[in-house]
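Q: Please take a close look at one residue of this model. Then move on to other parts in one connected account.

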Amino acid sequence: MERAWWKEAVVYQIYPRSFMDSNGDGIGDLNGITSRLDYLKELGVDVIWLSPIYQSPNDDNGYDISDYQAIMQEFGTMEDFDRMIEGIHQRGMKLVMDLVVNHTSDEHPWFVESRKDKENPYRDFYIWREGKDGKAPNNWGSYFSGSAWQYDEATDMYYLHLFSKKQPDLNWENSKVRENVFSMMNWWCAEKGIDGFRMDVISLISKRPGLPDGPKTPEALYGYADCANGPRVHEFLKEMNQEVLSKYDLMTVGEAAGVTIEEAKRYAGFNENELNMVFHFEHVGLDGGKHGKWTDKRVPLVEFKKVMSDWQTELDGKAWNSLYLSNHDQPRSLSRFGDDSPQYRVVCAKMLGTCLHMMQGTPYVYQGEELGMTNMPFADISEVKDLDSINAYHELSEAGLISKEDMMCFIRLKGRDNARTPMQWDDSENAGFTTGTPWIGVNPNYKEINAKAALADENSIFHYYRKLIALRKETPIIVYGHYALLEPDHESLYVYTRSLEEQKMLVICNFTKEPVDYVIPEEFSGAKILITNYDRDEAKGTIEVKAYEAIVLMKE
Ligand code: NOJ
């Protein structure tokens with residue numbers, strides 16, 4: 001397989017609002033990030049992905065952009081940005097920016113113009129339709145609850161918004177939209193020197209001609225907008241590749257809601273000239289139910305192994321995987337896939353990290369994951385800031401589908417704000433995140449779980465992640481080896497091998513707190529332990545795999 005820096009890299013995602021506040025306004029900012037670059041260097045990550053830092057009215061925390069070439073005031077200035085990227089590059093790291101071009105903010109000048117009148121030159125930058133019998137043009141629902149259409153009085157028409165009504169969808173059919181987007185991307189690469197893009201919901205940019213109704217399921221209040229992998233998406237991405245991406249040495253990852261393995265081979269295929277990799281959602285959809293993610297279902301291990309393994313084996317040699325268990329839209333991975341109880345938190349976080357980082361693909365660490373940060377005990381909806389959770393809370397409870405008490409329980413398990421509480425730096429007030437009042441509550445467990453404590457403890461999750469990241473750099477089999485699943489039906493253990501030429505690795509992870517006996521395959525009898533989260537010198541014959549134990553064996 002052809003080597004590439006982005007295949008060998010580990011990415012660290014920063015949610016700027018919650019990472020580090022430098023000026024005491026309670027909101028994380030760019031100078032805060034710059035002040036913590038040595039911490040990231042020590043962890044050993046190669047790439048920093050920043051969630052959006054552009055000018056935005058913050059309806060969706062920056063995923064609603066009103067100026068793609070300006071910095072959000074709360075986050076700082078363009079000079080702060082220049083200093084930050086210089087600091088990143090000086091330390092040998094790279095910067096990937098979020099690219100949110102399925103939609104803009106309704107306060108973007110293009111939309112301000114577009115909504116004025118039907119003849120406006122920007123009218124066709126967005127998706128406008130007449131209503132049907134006084135109602136929305138079709139039955140599509142927004143990802144954030146309610147209809148995906150907003151009526152606009154000025155012209156007596158509706159505009160499409162797959163997300164909030166302050167996030168109108170751009171019309172990618174219009175070549176002027178594409179030209180504007182590409183020139184803005186070129187500016188960030190050529191003038192600002194960024195090293196790549198994480199592309200927000202990029203699988204949704206091509207809408208089906210005629211915008212047909214979606215299927216109505218009995219549970220759904222609205223039909224859903226089946227916009228994923230629309231008919232022109234690959235054409236648009238190839239054009240983007242030609243006009244922008246191919247001109248620089250970038251890393252690109254597309255957030256691809258609704259992507260299948262077959263589709264991923266097109267988005268991220270080695271010879272497709274589109275993107276380097278995509279984020280799929282199959283493994284984070286395994287604990288969903290009839291009301292989407294709003295349930296208390298746990299991820300079933302056997303299904304999880306199947307999904308991960310299918311992606312590993314099917315893309316091998318054809319396309320590249322991204323590896324993630326958490327990000328700013330998902331609850332904390334330790335609480336969701338593992339065990340965040342005080343007894344098992346540390347060992348379990350190390351096991352989850354091992355399981356993911358030993359796979360083929362580019363691993364993503366979400367801020368605080370390396371500390372074993374956990375979900376937040378939100379007591380009341382007034383503590384929740386995320387419009388996705390707030391809208392669902394009202395819509396589902398008012399429709400009588402889920403009680404308010406149950407919704408609060410589901411928000412504690414699945415809500416996006418679990419990942420958005422401030423980064424826990426130390427045990428001082430507000431976890432050292434801010435000297436002011438944080439924009440969202442700090443998790444009360446910061447006295448025990450924080451970066452200062454983790455750095456001082458050589459057995460911490462932080463130092464274990466550091467080892468995982470360092471190992472990947474010196475061990476090509478971890479990056480390029482072929483993957484094979486063993487014990488597919490085992491309900492406690494996740495066991496897989498990697499192989500590259502003469503070398504072979506065995507990864508054993510216990511996803512439960514019950515110890516389990518396991519017979520090490522004969523071919524690994526003389527193998528050495530590469531990394532493990534318990535004190536264990538050897539693993540041969542029949543072993544007892546302890547609570548949340550992870551063992552990686554290497555046979556040369
Ligand atoms: C996906 C982003 O990750 C999420 O945070 C955002 O709300 C939606 N796209 C809309 O931009």
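A: Tyr548 sits in the loop between β21 (542-545) and β22 (550-555). Strands here are DSSP runs of E with at least two residues, helices are runs of H or I with at least four, and both are numbered from the N terminus. The model is predicted: local features need pLDDT of at least 70, side-chain atom pairs count only at pLDDT 80 or more, and totals for chains, interfaces and linings use all residues. Residues are numbered from 1 along each chain as its sequence is written, and side-chain values use heavy atoms, with hydrogens and water left out.

Tyr548 is not a glycine, yet its phi is positive, near 50°. Most residues other than glycine have a negative phi. Tyr548 counts as buried because its relative accessible area is 6%. Buried means under 20% relative accessible area, exposed over 50%, and partly exposed in between (1.4 Å probe, protein chains only).

Ser145 also has a positive phi, of about 80°, without being a glycine. Its place is the loop between β7 and β8. Another loop, between β6 and β7 (140-141), holds Lys135. Lys135 is exposed, since its relative accessible area is 60%. Lys135 and Trp149 lie 14 residues apart in sequence, and their C-alpha atoms are 9.4 Å apart in space.

Now the sheet. β6, β9 and β8 form an open, antiparallel sheet in the order β6-β9-β8. Its edge strands are β6 (128-129) and β8 (149-152), each pairing on one side only. Two bridges join β6 to β9 (157-160) in the antiparallel sense; two strands pair if DSSP finds at least two bridges between them. Trp128 has Tyr159 in β9 as its bridge partner.

Next, β12 (251-255). Five of its five residues are buried. Met251, Val253 and Glu255 point one way, while Thr252 and Gly254 point the other. β10 pairs with β12 in the parallel sense over four bridges. In that pairing, Phe197 has Thr252 in β12 as its bridge partner. β12 also pairs with β13 (277-279), parallel again, over three bridges. Gly254 stands opposite Val278 there.

Asp200 lies in the loop between β10 (196-199) and β11 (223-224). Its relative accessibility is 7%, so Asp200 counts as buried. Asp200 touches Tyr63, Asp98, Leu99, Val100, His103 and Glu255, leaving out residues up to four places away in sequence. Contact means heavy atoms within 4.5 Å.

Of the 14 residues around the ligand, Asp60, His103, Asp200, His328 and Asp329 come nearest. A residue is near a molecule if one of its heavy atoms lies within 4 Å of it. His103 places a side-chain N or O atom 2.9 Å from a ligand oxygen. For Arg416, a side-chain N or O atom is 2.9 Å from an oxygen atom of the ligand. In Arg198, a polar side-chain atom lies 3.0 Å from a ligand oxygen. A polar contact is a pair of N or O atoms within 3.5 Å.

What about the interior? The largest nonpolar core has 146 residues, and Phe81, Met185 and Tyr494 touch the most other members. Such a core is a set of buried Ala, Val, Leu, Ile, Met, Phe, Trp, Tyr and Cys residues joined through side-chain atoms within 4.5 Å. Met185 touches Leu99, Phe197, Met199, Met240, Val244 and Leu245, not counting residues up to four places away in sequence. Another core, of 16 residues, lies apart from the largest one and includes Ala148, Leu160, Val201 and Cys227.

Then a hairpin. β16 (482-486) and β17 (493-500) pair in the antiparallel sense over five bridges. His482 has Ser499 in β17 as its bridge partner. Six residues lie between the strands, and Glu487 takes a positive phi near 50° in this hairpin.

Last, α12 (387-398). Its 12 residues reach 16 Å from first C-alpha to last, close to the 16 Å expected at 1.5 Å a residue. The expected span is 1.5 Å times one less than the number of residues. Asp386 caps the N-terminal end of α12, with a side-chain oxygen 3.1 Å from the backbone nitrogen of Asp388. The buried residues of α12 are Leu387, Asp388, Ser389, Ala392, Tyr393, Leu396 and Ser397. These buried residues pack against α13 (404-414). Just after α12, Gly400 takes a positive phi of about 75°.

Key:
Polar contact = N/O pair within 3.5 Å; in protein donor to acceptor, adjacent residues only side chain to side chain.
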